[in-house]
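Got your viewer open and a cartoon view loaded? Let's take a walk around, one selection at a time.

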Amino acid sequence: MRTDEVHKHLLLVEDDADAAEALSILLELKGYSISRAENGLEALERLRSDRSIALVILDLMMPVMDGITFLRHLEADARLSKVSVIVASATSPALPVKVEKIVRKPIDFDTLLLAVEKTFSAVQMQPPA
């Protein structure tokens with residue numbers, strides 16, 4: 001896998017299948033490689049098995065493991081704590097960790113895309129770990 005491909009790989013964590021499909025298609029059309037998870041537990045497993053993921057777009061209200069619990073686990077895992085996160089939420093939550101951006105639902109795709117582009121630009125400027 002080329003370096004530029006690694007930095008354009010993101011994980012979409014969303015339990016609403018229709019929303020996840022729509023966002024995946026739109027982001028893929030913009031050149032991003034998308035992996036998906038339906039809950040926080042599945043997302044943690046995916047991040048632990050695929051080190052090429054540089055960004056997570058995270059829904060907060062999900063079954064099995066919600067987004068807040070996912071963020072706590074992410075921060076506690078030294079290998080994963082550097083992964084950037086954009087939260088998608090219908091509310092303005094108090095989060096236990098710093099995230100790159102909170103995008104309000106219903107999601108305005110241009111706002112989300114701008115946040116994704118800014119995050120990937122920042123990731124690419126950082127030296128490899």
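Before the first click, one working rule: a salt bridge here is a side-chain nitrogen of Lys or Arg within 4 Å of a carboxyl oxygen of Asp or Glu. Keep in mind, too, that you're looking at a predicted model.

**Stop 1: the whole chain**

Colour by secondary structure and you'll find five helices and five strands. Trace them along the sequence and the pattern reads α-β-α-β-α-β-α-β-β-α. The protein has 129 residues, and 43% of them count as buried.

**Stop 2: K105 and its partners**

By the salt-bridge rule, the count comes to five. Start with K105 and E14: their closest N and O atoms are 2.9 Å apart, so the pair falls within the 4 Å cut-off and forms a salt bridge. K105 sits in the loop between β5 (101-104) and α5 (109-125), while E14 is in the loop between β1 (9-13) and α2, so this contact ties together parts that are 91 residues apart in sequence.

Which of these two is buried, and which is partly exposed? E14 is buried, because its relative accessible area is 7% and the cut-off for buried is under 20%. K105, with a relative accessible area of 23%, is partly exposed.

D59 belongs to strand β3 and K105 to the loop between β5 and α5, so here the pair ties together parts that are 46 residues apart in sequence. D59 counts as buried, at 7% relative accessibility. Show E14, D59 and K105 together, and you have one network joined by salt bridges that share partners.

**Stop 3: a pair within one helix**

Now go to helix α3 and pick R46 and E42. They form a salt bridge too, with the closest N and O atoms 3.4 Å apart. How far apart are R46 and E42 in helix α3? Four residues, so about one helical turn separates them. R46 is partly exposed, with a relative accessible area of 30%, and E42 also counts as partly exposed, at 26% relative accessibility.

**Stop 4**

Move along to A54, in the loop between α3 (40-49) and β3 (55-59). At 12% relative accessibility, A54 counts as buried.

**Stop 5**

Select L71, L74, E75, S81, K82, V83, S84, V85, V97, K98, V99 and E100, and you've picked out the lining of the second largest pocket. Its volume is about 220 Å³. Helix α4 (67-76) and strand β4 (84-89) each supply at least two lining residues, and α4 gives the most, with three. Colour the lining by residue type and you'll get six nonpolar, two polar and four charged.

**Stop 5: a nonpolar patch**

Finish on the surface with I25, L26 and L29. These form a nonpolar patch with about 290 Å² of accessible area together. For a closer look, centre on L26, which is in helix α2 (residues 17-29). L26 counts as partly exposed, at 35% relative accessibility.

Methods:
Residues numbered from 1 in each chain as written. Predicted model: local features only at pLDDT ≥ 70, side-chain atom pairs only at ≥ 80, totals over all residues. Heavy atoms only, no water. Patch = residues over 30% accessible without salt bridge, like charges linked within 9 Å, V, L, I, M, F, W, Y side chains within 5 Å. Areas by Shrake-Rupley, 256 points an atom, 1.4 Å probe, with all protein chains shown as cover. Buried < 20%, exposed > 50% of the residue type's maximum accessible area, 1.4 Å probe, protein only. 1 Å grid on protein atoms, 1.4 Å probe; cavity = no way out; pocket = protein on both sides within 12 Å on 5 of 7 lines; lining within 4 Å. Points joined across faces, edges and corners; volume = space filled by probe spheres on them. Nonpolar A, V, L, I, M, F, W, Y, C, P; charged D, E, K, R; others polar.
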